[in-house]
Protein chains: 2
Amino acid sequence: MRQHITLREVGLRDGLQIHPTFMPTEDKLAWIAAEAASGMREIEVTSYVPPKLIPQFADAEAVTLGALRIPGLTVAALIPNLRGAQRGIELGVHKLNFVMSVSETHNMKNVRRPPADSVIDFRAIVELIKRQPANQRPIIVGGLSTALGCSYEGRVAVSQVVKYATQLVEAGADEIVVADTVGYADPNQVREVFKAVLAEVGKIPVAAHFHDTRGTGLANVSAALDCGITHFDASLAGLGGCPFAPGASGNIVMEDLCFMLDSMGFDTGVDIERLIEVRSLIARSLPDIPMQGALAKAGLPRNYVMAAARAVSA
Amino acid sequence: MRQHITLREVGLRDGLQIHPTFMPTEDKLAWIAAEAASGMREIEVTSYVPPKLIPQFADAEAVTLGALRIPGLTVAALIPNLRGAQRGIELGVHKLNFVMSVSETHNMKNVRRPPADSVIDFRAIVELIKRQPANQRPIIVGGLSTALGCSYEGRVAVSQVVKYATQLVEAGADEIVVADTVGYADPNQVREVFKAVLAEVGKIPVAAHFHDTRGTGLANVSAALDCGITHFDASLAGLGGCPFAPGASGNIVMEDLCFMLDSMGFDTGVDIERLIEVRSLIARSLPDIPMQGALAKAGLPRNYVMAAARAVSA
């Protein structure tokens, strides 16, 4: 049995949020449908922030409802606060991705409160979810951004990451995401942080969210795999980037990640060639968005046999 | 004591050889001098192929002699055959990098002989070197290209890599380079191949030469580090590419590699900020050459302290 790796497309949220041009709702839904058809089972489709703050997500309701029509897809959305959670519950989204920063400065700049207060907010969100009928409760994810470094504070203490991961799990998180929001991490640091987090909260899924800002993204994935991490965020064409570094790489590139995992013998469930084709939808919709990705330029290796077929013939 | 990693710049050879514009000799020498000044201790400066075949190396003599004037630098050059070795010996180059392909088809296309005949050529080169006075013998390196995949044959058997590595060492190689010439490798494959090679010839240095053609380059470095590999090729700005995939990424990016290694606590001896500055020499000399690199766009992490300084303060 090949080890299954759960991949989660975050380009529609993390990738689009800093892009100044609005991607039309129908293009977002076409992207979601095409990527789901390539085998992607989980997509973070939008963010329930006020449209005033990020106009890109003015169509959060329509995108959520459209995505929920796709069979077999887990539809996730980012929530910054209780109000976002309420919107998500009303829409019937499958999964709510709450995010707070481990770095105090980053959290203050982002949501104007210290991390300890974000944990209190998270508890209120979990309470809200628990008040829903059992069959209407979304999965609630506790996300820790800047967990491997902060563009204000630099290095972030591992003990702080573990502390907030533990508090979010105690508060009721179904899953934790540890994020290298600004792409500072190296493989040794990844092993240190993820081993420490897994030691405390490893009974629930711990996902990794890496950026490729300094080229180490897939090396960090490989290190996280060594620790036993099996859930990874990535974005098609590496959409994302960093407001602090114009032109810099963003999230790790989903196609490159899929290739690496497949080549290593993991089961991603994704058809890489169909996944690559989805890039053209983005390029047509947002011709000016910077698209990364090595595999899309180079193509699969000659005579490459997907892991699923190798497993059958072996 | 921090583990030292030996880095070797190959951009002047692997990076320039497919570029159609001749880089003026003085620009090559300025690049070599600036990169050596940043702390790079070994540079493959040219290739002793007939200028008819690759006009970029028409100035091989001048570049070699110029590079040899830089104190503390190990000056290496690629040799395709005995004649190239003869030229290198006459010039007094420090190190000769002989390359053969593990893939039969690739070797036939490149040097019009099966790999077994290339081993015979290598023996003759070693004999030539042994005939020199002891203080005039260059270091002789046996390089195995397409060792992790071939753009004609696809996957390459690990047993073949081990076989030719063993034969080159038995013939007298001072060092082996195992190269993923076309960027097919994943971290699991790297561990498999390098462990097998090290088990047979690990008494001499075994270096890794990775390309980032499909985005896995630094992940493969990390896997090779896990195996105990401490010698890595890379090129500034990732110069290189692949004649089979126009626009594709080339060698792993030296700056990104240096950052990853330094962040992991290894001692590379390279000043990353000075290294990044060398990119501007290339951009000025060859404005149309594609330059890769994430770190150069994003910059070092905030408050980043180089490993050497961290070691002092720890």
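Student: Before I look at any feature, what confidence values does the predictor give for the complex and for chain A?

Tutor: Keep in mind that this is a predicted model. For the complex, the predictor gives an ipTM of 0.93 and a pTM of 0.95. For chain A, the mean pLDDT is 95, and 98% of the residues of that chain reach 70 or more.

Student: How many helices and strands are there in chain A, and what does its radius of gyration say about the chain as a whole?

Tutor: Chain A holds 13 helices and 8 strands. Its radius of gyration is 18 Å, close to the 20 Å that the globule rule gives for 314 residues, so chain A is as compact as a globular protein of that length. Along the principal axes, the C-alpha trace of chain A spans about 55 × 40 × 40 Å.

Student: How do the strands of chain A come together, and in which sense do they pair, parallel or antiparallel?

Tutor: The general idea is to follow the pairing from strand to strand. In chain A the order runs β1-β2-β3-β4-β5-β6-β7-β8, and these 8 strands make a closed barrel with parallel pairing. From one strand to the next, the twist averages 25°. In chain B there is likewise a closed barrel of 8 strands, β1-β2-β3-β4-β5-β6-β7-β8, with parallel pairing, and there the twist averages 25° from one strand to the next.

Student: Which strands does helix α4 of chain A lie across, and at what angle does it run to β3(A)?

Tutor: Helix α4 (residues 82–91) of chain A lies across β3 (74–79) and β4 (95–101) of that chain, and it runs at about 155° to β3(A). In chain B, strands β3 (residues 74–79) and β4 (residues 95–101) run parallel and are joined by 4 bridges, with B:I79 standing opposite B:F98 in β4(B).

Student: Turning to the contact between the chains, how many residues does each chain give, and which helices of chain B take part?

Tutor: The contact takes 39 residues from chain B and 39 residues from chain A. On the side of chain B that touches chain A, α8 (187–201), α9 (217–227), α10 (254–263) and α12 (295–298) each supply at least two residues, and the largest share, 5 residues, comes from α9(B). By kind, that side of chain B divides into 18 nonpolar, 15 polar and 6 charged residues.

Student: What rotation relates the two chains, and why do the copies meet through the same surface?

Tutor: A rotation of 180°, with 0.0 Å of shift along its axis, superposes chain B on chain A with an RMSD of 0.0 Å, which is the relation of a two-fold axis. In chain B the C-alpha nearest the axis belongs to B:A219, 1.8 Å from it. The copies meet through the same surface because 100% of the interface residues of chain B are also interface residues in chain A.

Technical notes: Residues are numbered from 1 along each chain as its sequence is written. Chains are lettered from A and ligands numbered from 1 in the order in which they are written. This is a predicted model: local features need pLDDT of at least 70, side-chain atom pairs count only at pLDDT 80 or more; totals for chains, interfaces and linings use all residues. Two residues are in contact if their C-beta atoms, placed from the backbone, lie within 7 Å. Ala, Val, Leu, Ile, Met, Phe, Trp, Tyr, Cys and Pro count as nonpolar, Asp, Glu, Lys and Arg as charged, and the others, Gly among them, as polar. Copies are superposed by least squares on the C-alpha atoms of residues with pLDDT of at least 70 in both. pLDDT is the predictor's confidence in each residue, from 0 to 100. Two strands pair if DSSP finds at least two bridges between them. Axes are lines fitted to C-alpha atoms, for helices over the stretch in contact, and angles run from 0 to 180 degrees between N-to-C directions. The radius of gyration is taken over C-alpha atoms; the globule rule is 2.2 Å times the number of residues to the power 0.38.
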